[in-house]
Amino acid sequence: MNILGISAGFHDAAATVISPDGEILFAGHAERYSKKKNDADFCQGLLDEVIEYGPATVAYYERPWAKQARQWYAGQGVEWDKLTTKQILRQQLGGQIEPERVYSYNHHLSHAAGGFQTSPFERATVVVIDAIGEWDTVSIWGATYDSNGQARYKRLWRQVYPHSIGLFYSAVTSRIGLHPLDEEYITMGMAGWGKNIWYHDMREHVIANERDIELQHNFHTGMSADFLVGASNENIAAAAQMVAEDLIRQVMIRARNFEFSSNLVYMGGVALNCSANRMLGEYFENIWIMPCPGDAGSSLGAAALALGSRINWTSASLGHDIPGPYPVNGLLDRLLTEQIVGVASGRAEFGPRALGNRSLLADPRGSEIKEKVNAIKRRQQFRPFAPVILEELADTYFDMPSGFSHSRYMQSVARCRVPELFPAIVHVDGTSRVQTVPRDGSGIRELLEKWYVMTGCPVLLNTSLNIRGEPMVNDRADADRFESLYGVKVCS
Ligand SMILES: [Fe+2]
């Protein structure tokens with residue numbers, strides 16, 4: 001019987017279906033079907049996808065009663081209709097799926113399993129850093145497989161609510177006028193534009209005990225409006241990014257000092273901070289971050305725990321399918337004539353990054369392309385786009401971070417060696433969030449190869465294909481809407 005992993009009820013609802021032999025049959029986000037960003041709940045489109053796979057054992061990504069106890073402690077009140085997994089599943093599945101069996105797991109353990117059981121490692125140190133689930137905010141685990149191939153986890157250390165790096169970062173995101181639990185990536189991008197003036201003030205305001213990740217305040221209630229009055233958003237973001245990196249560094253030092261393994265599996269929403277991830281190679285030799293490390297990815301993590309053994313991870317293309325061959329020639333024609341083209345082909349990416357199946361692609365050369373793409377995306381001009389490059393040429397163009405054997409899921413930034421050639425894909429601090437593409441037979445690989453032959457440039461600009469304010473394009477109907485709104489061809 002298949003296993004259906006579920007994360008839903010709070011934010012970023014998602015579903016993962018895995019087979020009894022560890023194949024991922026489907027993994028998708030509710031928001032892509034409902035068109036509501038960070039949608040907390042299942043919707044009919046997602047249910048329809050999941051029902052296709054038949055009856056299942058259901059695995060839920062956290063322990064509802066423990067979460068409610070923490071919410072009560074935090075003064076948020078108790079949601080009496082979300083006290084048990086059964087209650088939540090009834091709300092989310094609406095009786096359309098009757099689970100054969102139901103399991104629920106600790107929130108951080110689900111994060112850990114989603115990372116370790118998809119990783120290439122037999123043994124790893126697992127670090128989880130997020131905002132908050134039940135009580136844990138930071139946890140460090142030793143993970144191995146036993147002689148029967150069953151994953152075993154030993155928690156080595158934890159920090160608990162309200163001392164939370166993720167809540168601190170979200171409070172800053174809110175303070176500078178962005179949406180918390182959604183736009184932290186914009187805070188990170190904005191940090192590059194700030195001046196290093198408030199770092200010491202921010203440290204003093206935030207950190208009580210750096211080594212043990214104890215904070216001065218409960219940032220769940222936001223950041224005090226009286227702090228750094230008059231400071232620019234960019235300078236606040238810059239200080240916050242530096243303080244967050246100080247705290248993450250302390251967690252990594254502690255994790256390494258357990259000497260459990262030189263392999264690092266890193267999960268939780270904070271693992272999406274690709275600027276901070278540059279440092280990971282200083283502490284660990286090999287690094288794996290599952291491409292969907294936040295709570296949506298814990299639908300996979302909970303399913304992994306119910307399965308028990310290793311999961312066969314092959315790619316992040318796990319969501320809704322737009323069938324047909326990858327439209328390589330159509331894309332190439334448009335890139336050569338119009339510089340910009342959309343693609344919606346194959347299975348949607350699981351995780352926040354478009355990796356070539358739901359992407360807006362462009363010729364990255366020259367000084368005007370950034371404005372052109374920004375005019376379509378209608379986003380802040382300071383934000384650069386990401387490059388996608390033939391993996392074997394990545395070192396020629398970028399100073400790739402240590403510890404990562406590749407950058408196929410855009411999880412760390414790298415210094416660009418030739419920023420003058422590609423201003424659109426280089427941040428103000430000289431870095432780029434690089435996606436490398438191996439010889440994996442994928443459509444985006446074939447496109448890059450042909451693009452390289454025709455232009456001598458092995459790089460394309462890659463940004464997610466989405467209508468302003470909406471999640472990423474999911475199906476062909478979304479792609480059609482994109483075409484008619486923005487006048488840009490989307491090939492399937
Ligand atoms: Fe989490």
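Which strands and helices cover the buried residues of H6? Keep that question in mind as you set up your viewer.

This is a predicted model, in which local features need pLDDT of at least 70 and side-chain atom pairs count only at pLDDT 80 or more, while totals for chains, interfaces and linings use all residues. Residues are numbered from 1 along each chain as its sequence is written, and side-chain values use heavy atoms, with hydrogens and water left out. Helices (H or I, at least four residues) and strands (E, at least two) are DSSP runs, numbered from the N terminus.

**Stop 1: helix H6**

Select residues 165-175. This is H6, and 9 of its 11 residues are buried. Buried means under 20% relative accessible area; exposed means over 50%, and partly exposed lies in between (1.4 Å probe, protein chains only). Colour the buried ones: Ile165, Gly166, Leu167, Phe168, Tyr169, Ser170, Ala171, Val172 and Thr173.

Now show the cover. It includes strands S6 (123-129), S7 (136-145) and S10 (214-215). It also includes helices H7 (184-191), H8 (199-206) and H9 (233-257). Contact here means heavy atoms within 4.5 Å.

Step back to proline 162. This residue sits in the loop between strand S8 (151-160) and H6. Look at the peptide bond that runs from tyrosine 161 to proline 162: it is cis, with omega near 10°. Most peptide bonds are trans.

**Stop 2: the loop between S1 and S2**

Go to the loop between strand S1 (2-7) and strand S2 (14-18), and pick aspartate 12. Aspartate 12 has a phi near 55°, a positive value in a residue other than glycine. Most residues other than glycine have a negative phi. Aspartate 12 is also buried, at 19% relative accessible area.

Phenylalanine 10 lies in that loop between S1 and S2 too. What does phenylalanine 10 contact, leaving aside its neighbours within four places in sequence? Select Ala40, Tyr60, Tyr61, Glu62, Lys67, Gln68, Gln71, Glu79, Lys82 and Ile88. Then draw a line from phenylalanine 10 to valine 453. They are 443 residues apart in sequence and 48 Å apart in space, C-alpha to C-alpha.

For another positive phi, move to asparagine 38, where phi is near 60°. Asparagine 38 is in the loop between helix H1 (31-34) and helix H2 (44-51).

**Stop 3: threonine 85**

Select threonine 85, in helix H4 (residues 85-93). Is threonine 85 buried or exposed? It is buried, with a relative accessible area of 10%. Residues up to four places away in sequence aside, threonine 85 touches Tyr60, Pro64, Val102 and Ser104.

**Stop 4: two helix pairs**

Show H5 (residues 107-116) with H10 (residues 298-307). They pack at an angle of about 85°, and their axes are 7 Å apart. Axes are lines fitted to C-alpha atoms, for helices over the stretch in contact, and angles run from 0 to 180 degrees between N-to-C directions. H5 and H10 are therefore roughly perpendicular. Angles of 65 to 115 degrees get that name; under 35 is roughly parallel, over 145 roughly antiparallel, and the rest oblique.

On H5, select His107, Leu109, Ser110, His111, Ala113 and Gly114. They meet Ser298, Gly301, Ala302, Ala304 and Leu305 of H10. This contact of H5 with H10 has 5 nonpolar, 6 polar and no charged residues. Ala, Val, Leu, Ile, Met, Phe, Trp, Tyr, Cys and Pro count as nonpolar, Asp, Glu, Lys and Arg as charged, and the others, Gly among them, as polar.

Next, show H11 (residues 328-338) and H14 (residues 443-455). Their angle is about 40°, with axes 10 Å apart. That makes H11 oblique to H14. From H11, Val328, Asn329, Leu331, Leu332, Leu335 and Leu336 make the contact. From H14, pick Gly443, Glu446, Leu447, Lys450, Trp451, Met454 and Thr455. By class, the contact of H11 with H14 has 8 nonpolar, 3 polar and 2 charged residues.

**Stop 5: valine 437**

Valine 437 lies in strand S21 (residues 435-437). It is buried at 3% relative accessibility. Valine 437 and histidine 406 are 31 residues apart in sequence, yet 8.7 Å apart in space, C-alpha to C-alpha.

**Last stop: the cysteines**

How many disulfides are there? The count is 0, where a disulfide is a pair of cysteine sulfur atoms within 2.5 Å. Select cysteine 274, buried at 1% relative accessibility. Its closest cysteine sulfur, in cysteine 416, is 15 Å away, too far for a bond.
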